[in-house]
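Trainee: I'd like a close look at one part of this protein rather than a tour of the whole thing. Could you walk me through it once the structure is up?

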Amino acid sequence: MQFNNDEEPPPPPPKPGPARPSRLVRLSKHHSSDAPLAPNVQEVLLELKCVSSATYRAPLDLVAVIDVSGSMAGDKLRQVQDALVFIIRKLTDVDRLCIVTFATEATLRCSLRCVTAAARTELEALVGKLEASGATNIQDGLQIGLGVVAGRRSAAGRAASIMLMSDGEQNIGDATSVDPGDVPVHTYGFGAGHDPDVLGAIANKRLGGGYNYVREDADPTNLSQTFSQILAGLVTIVPQDLRLTVTAFPGEATIRRVHAGAYQQIGDGSSSVTVRFGDLYSAEARRVIVELALGDRTASLPYRATVAEVRYGFIFQGQQVASDPVVITMNRSGRAPDPGDESTKPPELQTELVRLKHVESIREAVGKADQNKMEEAWNILAEALEKLVEAAKRLVDPMLDMLRKELLKMMKLFSSPGTYRKEGKALATSALISHDLQRVTARGDAKEIRIFTTPRMDTYLEQAQQHDKEEIKPADEDARGEPEPEPQPEVPATPAVGKWRTLSVVLRLLSAVLSLLAFSIMASARTPGWAGDRYDRYETYRYAVGVNVIVCFYSFAQALVETRRLVSTRLWSTQCYCITLILDQVLAYLLMSASSAAASRNHLWVYGFGIDRFSRKINTAVWFSFLGFLALAAHSVISLANLFSRI
């Protein structure tokens, strides 16, 4: 089911884009600077963070899919109406909103339309007329919402998302069978009567969405507060389809494992891995821990090892953006600390490892609770709390305090099977999805546990608590109060290897062609008659032909390798650069010596017998051979630079 009646959005206002779009996302890396020469595993924390400004944010197409079944009558429906009014007043002229309701059947209340001043009045009137009755058919509502997104006529450069809210268990259809494709679905379970398994499964089918548990609270703005947090992210999307690629350095390291939560990983798993993160909100971050298995270098002297290369890319305003490569290096020596010693790791890496262990404890506790082993589940959480308290003694990070609050709240709701079924399962499901995606979700309310939040979310939380909706201002006014994105300095990575690759290919081809001409012309040097001569009678000429043949084939082979490196992210090891440099120098020496010997022998011939066709060919061949030497010698300088950038 598709709809193609979306309203044409206005053209975006003219404004200059950033000079370097790749700097809208900043890469940070945290790892030990030293590694042993013996085989070992090193952990590297990579963080991608978006700029703290929504100046260049993508226009939003939002579809709100709302439960209006009979159980929503009364205060629940009024809270939903208030939350929708908050959304309507936050969206701007460049954004579009569609409202779908579902009960026994789903109804398209309005197609995607631009949220202009006039449209706001009409949309608020539509929301105010919603009534609750009937059963709960989440599947039908979700399918219509996805059909609206799929049928858009204007989709280029726009972010699309669905907000789906329900307060009960589905009793018609099966929403978990619906494939959302590439559309993020943010689900909201309102009250204790909803099914967290269903709403969690829907959110987990597409990266970027999330499941939010919203408790029925005495505060009538609780639902608006929760809606405001996701909306604050959706109206600040800057990079879309963000990807991070890690390539291990061949001969030095292999990728053992990549800890990226629920995000999709593409690649062979050992030499190169790409992680797909989807869209990123302003000031939002994604962290990945890469385990690199370093090879045995106990027979080597201490040296600086290049272990991996990191790149990232994304879509910005409909265009592909790629970063410069960042190289990860470590000093390998026999005096390096034990990689298993947690205290030697950077604090940022230690904190992320603590968070990952925290998540695994919650997952294990949920497994026990689902088997009705509540005491075992509670003990797992209690043990995790003890470890967290110990970690907080050596690490100073606000994240740890939030993790502590999360465990304390969870332990309270895991105290009995009844409290677990009523609220504990919903809280744990929301927490696990939040940690797996590193994205904010509500764990009952939006105020107590604030993990992965952004400054805009803090602002919207305060605004959503206001009972006077007239004071809510559109998102573009919020953006005016934010600073322009500051130019980010280049990551002081490590030297870029092979930056002269195009010149390298040209020099390789040049030396190959010159050597080909040299040996071809010299091999054709023959004169007829009883006084005729030919090149193979003379050892120096045979030597020159042989060296030029070797240089020709070597240069052509190296040109093919260099051409492949121009279009591939695959790296060379230090040994490869060392061997290349040695071969370049040895062959350059042989080519020079062969050219000199041939030139001297030809000079003696001319001195004794004068210039003839034979000597002219030899002389021409010697010149081509000498020019080939110059090209090969020039490339040896590039090989030397490549080698020294690795050690």
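How do α4 and α9 run relative to each other, roughly parallel or roughly perpendicular?

Mentor: Happy to. Keep in mind that this is a predicted model. The mean pLDDT of the protein chain is 88, with 91% of its residues at 70 or more. One stretch to treat with care is residues 487-498, where the pLDDT is below 50. That stretch still has 23 contacts in the model beyond near neighbours in sequence, but where pLDDT is low, the predicted coordinates should not be read in detail.

Now to your helices. α4 covers residues 196-204 and α9 covers residues 417-437; their axes come within 10 Å and cross at roughly 10°. Angles under 35 degrees count as roughly parallel, so α4 and α9 are roughly parallel to each other. On the α4 side, the residues that meet α9 are Pro196, Asp197, Gly200 and Asn204. Their partners in α9 are Lys425, Ala426, Thr429 and Ile433. Sort the residues of this contact by class and you get three nonpolar, three polar and two charged.

Next, look at how α4 sits in its surroundings. Pro196, Val198, Leu199, Gly200, Ile202 and Ala203 are buried. Two of those names, Pro196 and Gly200, are also on the list that meets α9. What covers the buried residues of α4 includes α9, along with α3 (138-150) and the strands β7 (159-166), β8 (185-190) and β9 (210-214).

The start of the helix is worth a zoom, too. Asp195 caps the N-terminal end of α4, placing a side-chain oxygen 3.0 Å from the backbone nitrogen of Asp197. Asp197 is itself one of the residues that meet α9.

Now step back to His194, which is found in the loop between β8 and α4. With a relative accessible area of 5%, His194 is buried, since the cut-off for that word is under 20%. Its side chain and that of Tyr211 are joined by a polar contact of 2.5 Å. Setting aside neighbours within four places in sequence, His194 also touches Ser166, Asp167, Gly168 and Glu169, among others. Gly189, Leu199, Tyr213 and Ala426 are on its contact list as well. Two of these lead back to the helices you asked about: Leu199 is one of the buried residues of α4, and Ala426 is one of the α9 residues that meet α4.

Key. Residues numbered from 1 in each chain as written. Predicted model: local features only at pLDDT ≥ 70, side-chain atom pairs only at ≥ 80, totals over all residues. Heavy atoms only, no water. Axes fitted to C-alpha atoms, helices over the stretch in contact; angles between N-to-C directions. Helix = DSSP H or I, 4+ residues; strand = E, 2+ residues; numbered from the N terminus. Parallel < 35°, antiparallel > 145°, perpendicular 65-115°, else oblique. Contact = heavy atoms within 4.5 Å. Nonpolar A, V, L, I, M, F, W, Y, C, P; charged D, E, K, R; others polar. pLDDT = per-residue confidence, 0-100. Buried < 20%, exposed > 50% of the residue type's maximum accessible area, 1.4 Å probe, protein only. Polar contact = N/O pair within 3.5 Å; in protein donor to acceptor, adjacent residues only side chain to side chain.
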